[in-house]
Amino acid sequence: MSIYDLIKFEQKTFVGTLGKAPESRTTGNGNAVTSFSLAINYGFGDNKLTEWLKVVCWGALAEAAQKLEKGQTITVRGTLDEKSYTNKNDEEVKYYELNASKIEGLRLKKATPKDDLIGEDEIPF
């Protein structure tokens, strides 16, 4: 077992803002799956950065996550899984996906349009 195998099972907690409405589907086995992009801001002043994290929810949590809205701030907890895809330049791009086990803050006030500084076309997935 490698160190990555140990790290990927550690629970991580992130606070962020939904970049767009969650997307839901049902697997062939009838399991509910909901995914969304979470904007995570960190840093201060001129050093402020935004990172995007893809979050995937399963089962009852997926059904609850369907009620989330773009601009809503939430806390999400889960395990990270490294994924990759090949872009249009035939380059492998790696990213992390959070398999959520808990979401909090579902009833927080939605951000106002003034607070929504990031457009949907800027979300990387």
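Which residues touch the most other members of the largest nonpolar core? In this predicted model, select Phe36, Leu38, Val55, Cys57, Ile74, Val76 and Ile103, which are the ones that touch the most other members among the 17 residues of that core. Next, colour the elements that give two or more residues to this core, namely β3 (32-42), β4 (49-58), α2 (59-65), β5 (73-86) and β6 (92-104), and keep an eye on β3, which gives the most, with 4 residues.

Now select Phe36 and show what surrounds this residue: leaving out residues up to four places away in sequence, Phe36 touches Leu18, Pro22, Leu53, Lys54, Val55, Cys57, Ala65, Leu68, Ile74 and Ile103.

Move on to Lys102, which you will find in strand β6. Lys102 counts as partly exposed because its relative accessibility is 43%, a value that lies between the limits of 20% for buried and 50% for exposed. If you set aside its neighbours within four places in sequence, Lys102 is in contact with Leu61, Thr75, Val76 and Arg77, while the side chain of Lys102 also makes a polar contact, at 3.0 Å, with the side chain of Glu104.

The last stop is the 1 aromatic pair found in the whole structure. Select Tyr85 and Tyr95, whose rings form a tilted pair, 5.9 Å from centre to centre and with 55° between the planes. This pair links distant parts of the chain, since Tyr85 belongs to strand β5 and Tyr95, 10 residues away, to strand β6. Tyr85 is partly exposed, at 41% relative accessible area, and Tyr95 is partly exposed at 21%.

Methods: Residues are numbered from 1 along each chain as its sequence is written. This is a predicted model: local features need pLDDT of at least 70, side-chain atom pairs count only at pLDDT 80 or more; totals for chains, interfaces and linings use all residues. Side-chain values use heavy atoms; hydrogens and water are left out. A nonpolar core is a set of buried Ala, Val, Leu, Ile, Met, Phe, Trp, Tyr and Cys residues joined through side-chain atoms within 4.5 Å. Buried means under 20% relative accessible area, exposed over 50%, partly exposed in between (1.4 Å probe, protein chains only). Contact means heavy atoms within 4.5 Å. A polar contact is a pair of N or O atoms within 3.5 Å; within protein, one must be able to donate a hydrogen and the other to accept it, and residues adjacent in sequence count only if both atoms are side-chain atoms. Rings of Phe, Tyr and Trp (its six-membered ring) pair if their centres lie within 6.5 Å; planes under 30 degrees apart count as stacked, over 60 as edge-to-face and the rest as tilted.
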